[in-house]
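Keep the model open while reading.

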Amino acid sequence: MNGRIHSYQSMGTLDGPGVRFVVFLQGCRLRCGYCHNPDTWKLGEGMEVSPKEVLNRALRYKNYFGVDGGLTVSGGEALLQAQFVAELFALCREAGIHTALDTSGSVWDDQVEKLLDLTDLTLLDIKMTDEDSYKQYAGCSLRQVLAFLDELQSRRIDTWVRQVIVPGFNDTAEDIGRLNRLLAGKSCVKKVELLPFRKLCKEKYDRMGLAFPFDRYPEATAEQVAALQRLVVLPGANRKP
């Protein structure tokens with residue numbers, strides 16, 4: 001099955017362990033207030049490619065992956081093209097390439113279930129820590145995301161949880177406390193990574209004639225994020241991240 005690709009990054013270092021070939025898929029139904037890629041939202045756009053074509057591109061960089069690197073599929077929302085990603089991950093497994101799935105965890109169907117059987121690592125974005133904020137600023141339910149996390153736990157799929165820290169929105173000790181409680185008991189979570197809110201995407205919104213919903217918030221500093229990171233409790237701390 002062919003997929004719709006927005007773009008590639010050949011030597012990524014921010015989307016999973018090691019050096020990675022990153023595939024950004026086209027299409028997302030969420031409208032997160034701080035989304036950096038509004039140009040990936042529209043379904044049906046982008047380059048149409050086969051799983052084999054993507055694998056062949058990734059193989060050009062395999063020598064750079066080392067022990068930890070591999071291929072990451074991001075978005076957009078990768079779960080909207082779960083069958084395509086599953087076929088790609090199956091090819092990667094045959095080729096000895098580690099796979100990572102970067103997702104909001106907001107989609108569940110039979111194809112997603114099959115995809116998880118072929119996924120080595122999941123990068124799960126937990127965008128907010130309460131139901132009302134999720135519905136207002138992401139466009140889905142926190143319950144959907146937590147149900148997806150439950151599936152990752154039951155399948156023992158290594159998971160990195162990531163959250164963007166926005167000053168004045170989710171940057172308090174109470175916010176991190178809620179995140180810790182949401183993750184409590186989830187031994188599949190090997191890493192919790194807090195990321196600083198940035199507004200480099202504002203130019204994209206301007207070019208597309210869109211309002212940037214979180215433009216009113218300041219960017220996060222490295223010091224702010226580091227202070228909050230120290231409050232994170234890692235559920236799988238007894239295991240190597």
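Strand 6 and strand 7 (residues 158-165) run parallel and pair over 5 bridges. Strands count as paired if DSSP finds at least two bridges between them. The elements themselves are DSSP runs, numbered from the N terminus: helices are H or I with at least four residues, strands are E with at least two. Within this pair, leucine 123 stands opposite tryptophan 160 in strand 7.

A word on the basis. This is a predicted model, in which local features need pLDDT of at least 70, side-chain atom pairs count only at pLDDT 80 or more, and totals for chains, interfaces and linings use all residues. Residues are numbered from 1 along each chain as its sequence is written, and side-chain values use heavy atoms, with hydrogens and water left out.

Now widen the view. The open sheet has 8 strands in the order 3-1-2-4-5-6-7-8, and its pairing is mixed. Strand 3 (47-49) and strand 8 (189-196) form the edges; each has a single partner strand, so one side of each lacks a neighbour in the sheet. From one strand to the next, the twist averages 30°.

Helices cover part of this sheet. Helix 6 (residues 142-155) packs on it and touches strand 5 (98-103), strand 6, strand 7 and strand 8. The direction of helix 6 makes about 160° with that of strand 6. Helix 7 (residues 173-183) lies across strand 7 and strand 8, at about 155° to strand 8. Axes here are lines fitted to C-alpha atoms, for helices over the stretch in contact, and angles run from 0 to 180 degrees between N-to-C directions. A contact means heavy atoms within 4.5 Å.

Threonine 122 sits in strand 6 (residues 121-125). Its relative accessibility is 0%, so threonine 122 counts as buried. Buried means under 20% relative accessible area, exposed over 50%, and partly exposed in between, with a 1.4 Å probe and protein chains only. Leaving out residues up to four places away in sequence, threonine 122 touches Leu101, Thr103, Leu116, Phe148, Leu152, Ile157, Asp158, Thr159 and Trp160. Leucine 179 belongs to helix 7. Leucine 179 is also buried, at 0% relative accessibility. Leucine 179 and aspartate 130 are 49 residues apart in sequence, yet 9.2 Å apart in space, C-alpha to C-alpha.

The largest nonpolar core holds 68 residues, and Leu71, Val73 and Phe214 have the most contacts inside it. Helix 3 (residues 82-94) gives the most to this core, with 7 residues. Such a core is a set of buried Ala, Val, Leu, Ile, Met, Phe, Trp, Tyr and Cys residues joined through side-chain atoms within 4.5 Å. The contacts of valine 73, beyond four places in sequence, are Val23, Leu25, Ala78, Val85, Leu88, Phe89, Ala100, Leu101 and Asp102.

What about the cysteines? The structure holds 0 disulfides, a disulfide being a pair of cysteine sulfur atoms within 2.5 Å. The sulfur of cysteine 201 is 7.4 Å from the closest cysteine sulfur, in cysteine 35, too far for a bond. For cysteine 188 the closest sulfur is in cysteine 140, at 18 Å, again too far. Cysteine 201 is buried, with a relative accessible area of 4%. Cysteine 188 is buried, with a relative accessible area of 4%.

Charge comes last. Side chains of opposite charge can pair when their charged atoms come close. A salt bridge puts a side-chain nitrogen of Lys or Arg within 4 Å of a carboxyl oxygen of Asp or Glu. By this rule there are 15 salt bridges. One joins aspartate 15 and arginine 162 (4.0 Å, N to O). That pair links distant parts of the chain, 147 residues apart: aspartate 15 is in the loop between strand 1 (3-12) and strand 2 (20-25), arginine 162 in strand 7. Both aspartate 15 and arginine 162 are buried. A network of salt bridges links Asp15, Asp102, Asp125 and Arg162.

Another salt bridge joins aspartate 117 and arginine 155 (2.8 Å, N to O). Aspartate 117 lies in the loop between helix 4 and strand 6 and arginine 155 in helix 6, so the pair ties together parts 38 residues apart in sequence. Aspartate 117 is partly exposed at 49% relative accessible area, and arginine 155 is partly exposed at 24%.
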